[in-house]
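Dear colleague,

Please find below the structure that I am handing over to you, followed by an account of what was found in it. I would be grateful if you could read the account alongside the coordinates.

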Amino acid sequence: MRNSIRLSLVMIMILAGIRVGGALADSTPDWVKQGKRGGSLNLFHDSNPELWDPHRAATRHSAQATRSLYNSLVMYSPVPPTDKIIGDLAKSWEVSEDGTTYTFKLDENAKWWDGKPVTADDVVFSLNRMVEPGQPRPRTGALKPYYKSSQAIDPHTVEVQTKFPSAAFLSFLAADYMVIVPKHVLEAGIDINVPENIVGSGPFKQAGFQRGAFYAFKRNPDYWKEGLPFLDSVKVHVITDKGRALTALLTGQVLGHIPASGSGITVRQAAALERDSRGWVKIQRVFSGPGGIFVNFKKKPFDDSRVRKAISLALDRRELNQAIYEGKAGPGTVFRPGSVTSIEEASQWPGHRYTPDGKKDPRDIEEAQRLLAEAGYPNGFEAEYLYRNIWTYGDEAPFVKAQLAKVGIKLNLKVVESAAGLAAYVAGEYEIGRIDHGITITDPDEIFTSIYLAGGSRNQVGYEDPKIREIFERQAQESDPEKRTAMLKEASNLLKDGEGHWFTIWWFPQHTPTNVKVKNVYGGPTIHVLNTLEHLWLDPNAKP
Amino acid sequence: MGSYVVHRLVLFIPTLLLVSLIVFVVMRIMPGDPALLILLGEGEGTYTPQELDNLRHKLGTNRPILEQYVTWIWGVAQGDLGRSLWDNSPVMRQIQDRLPVTLQLAAMAIVVAALVAVPIGMLSAVKQDSWIDNTTRVFTIFGVAAPPFWVGILTIVFLAKVFHWLPPLDYAHPWVDPWRNLQQLIFPTLVLAYYEMAFLARVTRSATLEVLREDYVRTARAKGLMERFVLFRHVLANCILPVLTVSSWQFGRLMGGAVLIEAIFLVPGTGSLLIDSLYRRDFPIIQALILLAAIIVLVSNMVVDLLYGFIDPRIRYSEA
Amino acid sequence: MVWPGKRSKANSPSLTSPATVPVEAADIAIGKTHSTVAQGLIRFCKRKPLGAVGGAILVLLVLVAVLAPVVAPHDPYQPNAAAIYAVPGSTYPLGADEAGRDVMSRLCYGARISLYVSLLSVLIGITIGSLLGILSAYLGGWFDLILQRIIDALMAFPTIILALGIMAVLGASVHNVILALICVIVPGTARTVRSQALSIKALDYITAASALGGTHGRIICRHIVPNLLSMCLILGTLQLGLAILTESSLSFLGVGVPPDVPTWGGMLREAARAFVGVAPWLAIFPGLTIALAVFGVNLLGDALRDVLDPRLRSDGGATQSGIET
């Protein structure tokens, strides 16, 4: 079923005021009954979790380390259909007619590790904390455009008001960063960024953390969800060296990465792993988000839209896809492939076109050269391509350089440490940059707010086209899914030609390897959701 | 000699101050603001300039550099190494966790290296220009030429592909689980020892050759003493000096952090902590580790000089 | 590393007085031999076959570097999506890397960078270091005191960390790597040369020359410098090995030259990321080349040392060639 259609149905149901959301406590789902209890799981994590305060956290690394310690109001379903939002702490909820008031009913059994119940006060406190001004709120801050206020109606009922009706709000609430934290602990001044201090309500408790080496979970024996979690304990080894991680997977020292969240291993490594493990290790692919090249429009010649268009035309996206992902990445659409633009449509876009025998369409190259000449650069120009020494950026760079060289743009490759690179981007000290953006939720709103509008995390130089801003505001409040899609198409048409500062290259996949012995491993819609381990169980007798 | 030691120790202070100043300043010149990094995460997320200012204020990175330096160095003089910028844990504790590991690795590597190097070095010298000598020389010269990080990578590939075995992932202290500890450290030890052994063997060979030419050795031989007796008694005793001095120097270097090897073999020592902290711009940890490395190098150099002066009274080294 | 300076032999009044040995060596170093250079070379090869091998390796590598455009079968910069991780075969003799570039071609061009960087940094580093060392020894006083403290401080840093720090501040480029390597080489050289200069300075015939009314400059040029030339030559070969290894370590960590420029260390870095099941052979050749280069340098250095100044065969010289691991 197409994502867009499902999204529309959900939206219609929400806006019609119909109760949406399953209740886990009412009837134990089948998948809970089927799981085997017990066992100790060894996983790996490709990076150190930097922050243990989920509201302060910015990356999936922190989300992966903390999500199992807490609960959120709502969550994505851990078993298919995994893009359905079900309740976590909330056993049910209602949305008002005008779509701006949500009423959540909390599960009465929910309690903190210290025995106190999880109440509406905790929820209100947490929601306010997520949008607290003046504090670092890299991911939870995404709620700010939507969230207005919340109140505790009674100990187990919360009412939340939003500034305007939007389906994105609930999706954001289901992200791994938007967990509920204990009011009584924080008001006592305890710093929950220290692992030892964490008091959660989640299925696992923090059981040790050695930076650079591992972090561990142990079962919460009084977990308020019946039948969960399955595992007795989990030990997550931090292995930043991919080669080492892969060999650990091969030898069975670890049984996988924290599932469905992306592990940083490349497609070739994934293929080699599946092959060498003779079926023991399965790879899961999750679409992570749009990856793109962005230019600093405050510097010449990138302020000229003709130059930007030329760059977009010259990029050979298919070659990059082939080189890095063996063709498995999605096309470089503005919004999620298939949601607004179909894959077939995208393949007709200038810059994305190919001849029947697979070569880049020469019309695009000619047009790019023409545009450059018109803009005053008939012989091209030199530019610095700044990227960080992580991920696949280094592997792509030689290809990007060769591609742009065809229209006369000579790139000087500059690779820097991740830290230095981010600083340079934020300070506007770059000419051409490159980043893959891992989206938090699948709603198109995030594409606007993070990439194309001023203040976005991928828009350090603050480029904003007033036309795009106008479309964003219109579509965010549009309740009719068809009308909304039409507006998104409008935006897409504007942006695909290089009107913005960002040229989408692909929608890149992340691969997560897991041993067949680990059960209930499914992918969420993005890598920033569903990082909880409560649904995993171990079958020691499983075979490939 | 006592006054010499005191003299040297006193000279430590300006040197260490200089080291601390250099590292402090270099850290601040390097691009990469830790407050910004903490907020930015891996490039995900949003923040407001107010949040950035608040964090900088909290971390203390917005104060003038001189003030930051004085605060820090004053704390160090009192034994307070500060706290990590990222997770606020005391730097001292992190170093305490990691130092024994690097210590064990360095010590094991030197001991293994010496045990192999001295015999083959001496043998090579005694049988100079024979096939034994030439083979050994080629072997050791290659050992010094092969980049240790390359040897480390090849070792892991070999182990994984041929034996399907890898060192265990979690570090265990030797007094907790000696077998696991051995498994984890044996291969990085061997890789490091290979390099140091080659080095030391060359030194031993040279030293042995030197001694063999000495007049009194020739005299002893002429007197008809047994070859082996001559060898062991005189030559060994006189080789001890260069071997000891070079070993001390090597140990000091390894304690500075066998950074690449620790990274490749996932050894949780000070070397990998340093690299980690460098990438994250966790200044207090970096500064503390480099000071520590500097102290160790200075101390081991001093020990080397003392050994020289002590063992061979003919050589009294005096520095200007 | 401290240089003991006053070794027993240097001061023992025997027939092989230090006054004669270094001068002889210096004469050879400056080329004032009775026979021609070619004859000297042949004699060297006969006496020290291993050294000749080392020299030959170096010459071969330099030739490959200079003639890279001729010797390399492919363009080392041209990426090729279809040839990624190609197995060694007829088209790609040593296989292809993660961007489909020919490994052998990149090794050939890599020689350019590695050798250029190392040779240049050693040349400049030894020169600067020697000058500083001589000045320090000769002038003494406050200059010497302060310089020695600075050198102590710099040498207390682990080599790779020092180089890393400099690169992090300056940024990745060929010339910055050279700068970083110079900073690593200069302190050790200065200290070594200073010790040697000090011991020479204290020798009787220098004092005599001074008493006879020789000017500072004359003393330095006629007596001190020739004695040091041979030491510098030997130090140079040792530091060259160190430079090659340090440069490859920097590239391995990803902070060396710009990324698409082929270097041996950089190629090992990519190989380390790729090896498991994907392209294990990529890890072998770049490392082998580095080892070969340093191997040749060390063989040559050893032989030079044996020939020019047997005194220096003991520990002191050897310890200069250590690197951080």
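In chain B, residues B:Gln94, B:Ile95, B:Arg98, B:Leu99 and B:Thr102 of helix H5(B) meet B:Thr270, B:Gly271 and B:Leu273 of helix H12(B). Contact is understood here as two C-beta atoms, placed from the backbone, lying within 7 Å. Helices (H or I, at least four residues) and strands (E, at least two) are DSSP runs, numbered from the N terminus. H5 of chain B covers residues 91-126 and H12 of chain B residues 270-280; the two pack at an angle of about 130°, and their axes are 8 Å apart. Axes are lines fitted to C-alpha atoms, for helices over the stretch in contact, and angles run from 0 to 180 degrees between N-to-C directions. H5(B) and H12(B) are therefore oblique to each other; angles under 35 degrees count as roughly parallel, over 145 as roughly antiparallel, 65 to 115 as roughly perpendicular and the rest as oblique. The residues of this contact comprise 3 nonpolar, 4 polar and 1 charged. In this classification Ala, Val, Leu, Ile, Met, Phe, Trp, Tyr, Cys and Pro are nonpolar, Asp, Glu, Lys and Arg are charged, and the others, Gly among them, are polar.

Two points on conventions apply throughout. The model is predicted, and local features need pLDDT of at least 70, side-chain atom pairs count only at pLDDT 80 or more, and totals for chains, interfaces and linings use all residues. Residues are numbered from 1 along each chain as its sequence is written, while chains are lettered from A and ligands numbered from 1 in the order in which they are written.

Two further residues of chain B deserve mention. B:Leu266 lies in the loop between helix H11 (259-265) and H12 of chain B. Its phi is positive, at about 60°, although B:Leu266 is not a glycine. B:Leu266 is buried, with 26 other C-beta atoms within 10 Å; a residue is buried if 20 or more other C-beta atoms lie within 10 Å of its own, exposed if 12 or fewer, and partly exposed in between, with C-beta atoms placed from the backbone. B:Ile132, in helix H6 (residues 131-145) of chain B, is partly exposed, with 14 other C-beta atoms within 10 Å. Not counting residues up to four places away in sequence, B:Ile132 touches B:Leu123, B:Ser124 and B:Lys127. The C-alpha atoms of B:Ile132 and B:Gln68 are separated by 59 Å, the two residues being 64 residues apart along the chain.

A:Leu530 has a positive phi, near 65°. A:Leu530 is found in the loop between strand S18 (518-519) and strand S19 (537-538) of chain A, and counts as buried with 26 C-beta neighbours inside 10 Å. The peptide bond from A:Pro80 to A:Pro81 is cis, with omega near 0°; A:Pro81 belongs to the loop between strand S3 (74-76) and strand S4 (85-87) of chain A. A:Leu228 and A:Pro229 are also joined by a cis peptide bond, with omega about -10°, and A:Pro229 lies in the loop between strand S11 (214-219) and strand S12 (233-238) of chain A.

A:Asp176 is placed in the loop between helix H5 (167-173) and strand S9 (179-180) of chain A. A:Asp176 is buried, with 29 other C-beta atoms within 10 Å. Leaving aside neighbours within four places in sequence, the contacts of A:Asp176 include A:Ala63, A:Arg67 and A:His528.

Strands S14 (residues 381-388) and S15 (residues 409-416) of chain A pair in the parallel sense over 8 bridges; pairing requires that DSSP finds at least two bridges between two strands. A:Glu384 has A:Asn412 in S15(A) as its bridge partner.

Turning to the interface, 32 residues of chain A are in contact with 34 residues of chain B. H14(A) gives the most to the side of chain A that touches chain B, with 7 residues. That side has 15 nonpolar, 13 polar and 4 charged residues.

Finally, chain C has 14 helices and 0 strands. Buried residues make up 57% of its 325 residues.

Yours sincerely
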